Amino acid sequence: MTHETNVQKAELLRSLHVPGTPLIVTNVWDSITARIVAASPGVKALATASHSVSEAHGVPDGEGLSVDQAIAAAALIIRSVELPVSVDFEKGYSPDAAGVEANVARLIEAGASGINIEDSRGKPKAPLFDLDTAVSRVAAVRAAADKSGVPLVINARVDALAGTPDDWNDAIVRANAYLAAGADVAFVLGLGTEDKVKRALDEIDGMISVISNPASVPLKRLAELGVSRVSFGPGTMGLSLAHLQQAATQLTALGDYPAELAFTF
């Protein structure tokens, strides 16, 4: 991918984040899932899910992959499709901001148009980085993007409510601090009700994204409220695996052939 193409894809990805007309990203984890989703009507961009990518490699989520493996997995997905790809880069695969910046520079070279960066030290409900450290890591991602000349879309994850559902003030402070440090979107976990979504939109000084599942606020309502992006994390892998398990059970029991068994690539 040329530098010009990478810039164009990042600009396109940014333009797709529109409050009230949210970017819907059905998360992928390898070449075939990327190509299938990219070919689906209406899909304009892709996003990876670190949990799913890790599972596909037989390692636990939470940077079970090395940085080299994570970048290679992202590069495989990126070169499999023409659409912009936002990469779930976990904590940046480094204990310090300088390392995060260096790793993100490599990810941009691999063709990433966007990135998720976490503010926890592991999975949701794990201890968070202190605010100054978390902000410095978001700033490091923006610094890498600025130096590359690629307007990488930064979706900065806010885990405060995932760990402590009542810690609203910390979540808002963090979201606004990350946006001020160069993030494009605040990815706030724990917005499971309409009232919480409304409050986040009122108190956060920029665009927000959410992760959804069947218990979440309906997609059309999220759009009406003004959310800018919706993703589904490892839920899309769960959806695929549930269908696979159901089919395996049916076939093993000498049942009917599932219609999807006739799918061709």
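**View 1. Length and ends of helix 5 (residues 97-109) in a predicted model.** The end C-alpha atoms of helix 5 lie 18 Å apart, which agrees with the 18 Å that its 13 residues should span at 1.5 Å a residue (the expected span is 1.5 Å times one less than the number of residues). Helices (H or I, at least four residues) and strands (E, at least two) are DSSP runs, numbered from the N terminus. At the start of the helix, a side-chain oxygen of Asp96 comes to within 3.2 Å of the backbone nitrogen of Ala98. Just after helix 5, Gly111 has a positive phi of about 110°.

**View 2. Buried residues of helix 5 and their cover.** Gly99, Val100, Glu101, Asn103, Val104, Leu107 and Ile108 are buried (under 20% relative accessible area, 1.4 Å probe, protein chains only). Their cover includes helix 1 (3-15), helix 4 (67-80), helix 6 (131-148), strand 3 (85-88) and strand 4 (114-117).

**View 3. Strands 6, 7 and 8 with helices 9 and 10.** Strand 6 (residues 185-188) pairs with strand 7 (residues 207-211) in the parallel sense over three bridges (pairing requires at least two DSSP bridges). Phe187 has Ser209 of strand 7 as its bridge partner. With helix 9 (residues 194-203), strands 6 and 7 make a right-handed β-α-β unit (clockwise from the first strand over the helix to the second, with the strands pointing away from the viewer). Strand 7 also pairs with strand 8 (residues 229-231), in the parallel sense over three bridges, and Val210 stands opposite Val230. The crossover from strand 7 through helix 10 (residues 219-225) to strand 8 is right-handed.

Residues are numbered from 1 along each chain as its sequence is written, and side-chain values use heavy atoms, without hydrogens or water. In this predicted model, local features need pLDDT of at least 70 and side-chain atom pairs count only at pLDDT 80 or more, while totals for chains, interfaces and linings use all residues.

Terms used. Buried means under 20% relative accessible area, exposed over 50%, partly exposed in between (1.4 Å probe, protein chains only). Contact means heavy atoms within 4.5 Å. A polar contact is a pair of N or O atoms within 3.5 Å; within protein, one must be able to donate a hydrogen and the other to accept it, and residues adjacent in sequence count only if both atoms are side-chain atoms.
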